[in-house]
Protein chains: 2
Amino acid sequence: MAGGNDAISGILFLAVEFQLVLLCSRDLVKGQAIAVNKTDLTNVYRDYIACLNKQDWPKLEQFVHDDVYYNGQRVGLSGYREMLERDFNEIPDLYFNIQLLISDSPYVASRLGFACTPKGKFLGLHVNGKRVSFTENVFYQFREEKIEQVWSVIDKAAIEAQL
Amino acid sequence: MAGGNDAISGILFLAVEFQLVLLCSRDLVKGQAIAVNKTDLTNVYRDYIACLNKQDWPKLEQFVHDDVYYNGQRVGLSGYREMLERDFNEIPDLYFNIQLLISDSPYVASRLGFACTPKGKFLGLHVNGKRVSFTENVFYQFREEKIEQVWSVIDKAAIEAQL
């Protein structure tokens, strides 16, 4: 009986070990899957910001839906692109710098930092080539890895304080 | 041998079953723990906003660290409370309305909506008792369920457009 018990214990031990290995590898796979999903949306967002900084407008449709809304208004992909092109025209050294990025699918929230030189008027302010620093706190709603809603607030008061 | 194999197989099966039960219950506990953590932070945040709307200032220390920072400046709990009390003094019908809340521990991002009547000047604008609607996009960094950093942008341009 003792020998039999040992054999059974050994098998039990192996079975338990095997299950623990299974359990650990499953957790790893699961953990990775969660990480990939989460990372995916932040990676998509980082690629979107890189696209803006390169002014790679033909690529914009990879990140933005045709029927995108900006602050509650349907601007569409073309309107969205025009808005961005206008920004780069008014601010030739415009560069989007992600200061804080949080993701809670289907949402992404980002605090963007800017240090740039608007040529003339910006947000109704006569900046006239002065270098200013300011932030934008912006929320995005994604659908199938593309932006469909944007809610943005730019810190106009910070710019005013520097003029 | 066949009988012995059956007995061993049976034990193996039981061991596997036992591990599967362990694995499932562990996943449940883990899933719940994740859900509770996530819900906890949004619940804590909702309670914080309720505290502000009730102007329950003695309770504020439950939600805000002594050494809290606001837009990069250390204001401390007392400075934070003074800022909020000043807001309610300047805007007697101030009410914080959560429009969008996303959580990615230790961060919370919230889009707050306001429809209120600042008595005189607000953000340097002569509102003078006009009812205005605007939003605030705000990020919070929590430590041990208390706010230790706030990065806020209020939509001043939206208020200006209504004056």
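# Briefing on a predicted two-chain model

Asp155(A) is placed in the loop between β8 and α3 (156–161) of chain A; helices (H or I, at least four residues) and strands (E, at least two) are DSSP runs, numbered from the N terminus. The model is predicted: local features need pLDDT of at least 70, side-chain atom pairs count only at pLDDT 80 or more, and totals for chains, interfaces and linings use all residues. Residues are numbered from 1 along each chain as its sequence is written, chains are lettered from A and ligands numbered from 1 in the order in which they are written, and side-chain values use heavy atoms, with hydrogens and water left out.

**Surroundings of Asp155(A)**

- Asp155(A) is buried, with a relative accessible area of 16%; buried means under 20% relative accessible area, exposed over 50%, and partly exposed in between (1.4 Å probe, protein chains only).
- Not counting residues up to four places away in sequence, Asp155(A) touches Phe134(A), Thr135(A) and, in the other chain letter, Val153(B); contact means heavy atoms within 4.5 Å.
- Between the C-alpha atoms of Asp155(A) and Glu136(A) the distance is 6.0 Å, with 19 residues separating the two in sequence.

**Chain A overall**

- Chain A has three helices and eight strands, and its elements run α-β-β-α-β-β-β-β-β-β-α from the N terminus on.
- Of its 163 residues, 40% count as buried.
- Among contacts in chain A with a separation of 6 or more, 53% are between residues 24 or more positions apart.

**Sheet of chain A**

- Six strands of chain A make an open sheet in the order β2-β1-β8-β7-β4-β3, with mixed pairing; two strands pair if DSSP finds at least two bridges between them.
- β2 (73–74) and β3 of chain A stand at the edges with a single partner strand each, so one side of each has no neighbour in the sheet.
- Helix α2(A) packs on this sheet and touches β1, β2, β7 and β8 of chain A, its direction making about 65° with that of β1(A); axes are lines fitted to C-alpha atoms, for helices over the stretch in contact, and angles run from 0 to 180 degrees between N-to-C directions.
- β4(A) and β7(A) run antiparallel and are joined by 10 bridges, one of which pairs Ala109(A) with Phe139(A).
- Strand β3 (residues 97–104) of chain A pairs with β4(A) in the antiparallel sense over seven bridges, and Ile98(A) has Leu112(A) as its bridge partner.
- Two residues lie between β3(A) and β4(A) in the hairpin that these strands form.

**Nonpolar cores**

- In the largest nonpolar core, of 37 residues, the members that touch the most others are Tyr45(A), Tyr48(A), Leu60(A), Val64(A), Tyr80(A), Phe96(A) and Tyr140(A); such a core is a set of buried Ala, Val, Leu, Ile, Met, Phe, Trp, Tyr and Cys residues joined through side-chain atoms within 4.5 Å.
- Elements of chain A that each supply at least two residues of this core include α1 (2–53), β1 (64–70), α2 (76–90) and β8 (146–154).
- With seven residues, α1(A) gives the most to this core.
- Another core, of 36 residues, lies apart from it and has Val44(B), Leu77(B), Cys116(B) and Val127(B) among its members.

**Features of chain B**

- The open sheet of chain B has six strands in the order β2-β1-β8-β7-β4-β3, and the pairing is mixed.
- Its edge strands, β2 (73–74) and β3 (97–104) of chain B, each pair on one side only.
- Three bridges join the parallel strands β1 (residues 64–70) and β8 (residues 146–154) of chain B, and Tyr70(B) has Val150(B) as its bridge partner.
- Asn53(B) is found in helix α1 (residues 2–53) of chain B, and a polar atom of its side chain lies 2.7 Å from the backbone nitrogen of Phe96(B).

**Backbone geometry**

- A cis peptide bond, with omega of about 10°, joins Ser105(A) and Pro106(A); Pro106(A) is in the loop between β3 and β4 of chain A.
- Ser105(B) and Pro106(B) are likewise joined by a cis peptide bond, with omega of about 10°.
- Glu145(A), in the loop between β7 and β8 of chain A, has a positive phi near 65° and is not a glycine.

How values were computed: Polar contact = N/O pair within 3.5 Å; in protein donor to acceptor, adjacent residues only side chain to side chain.
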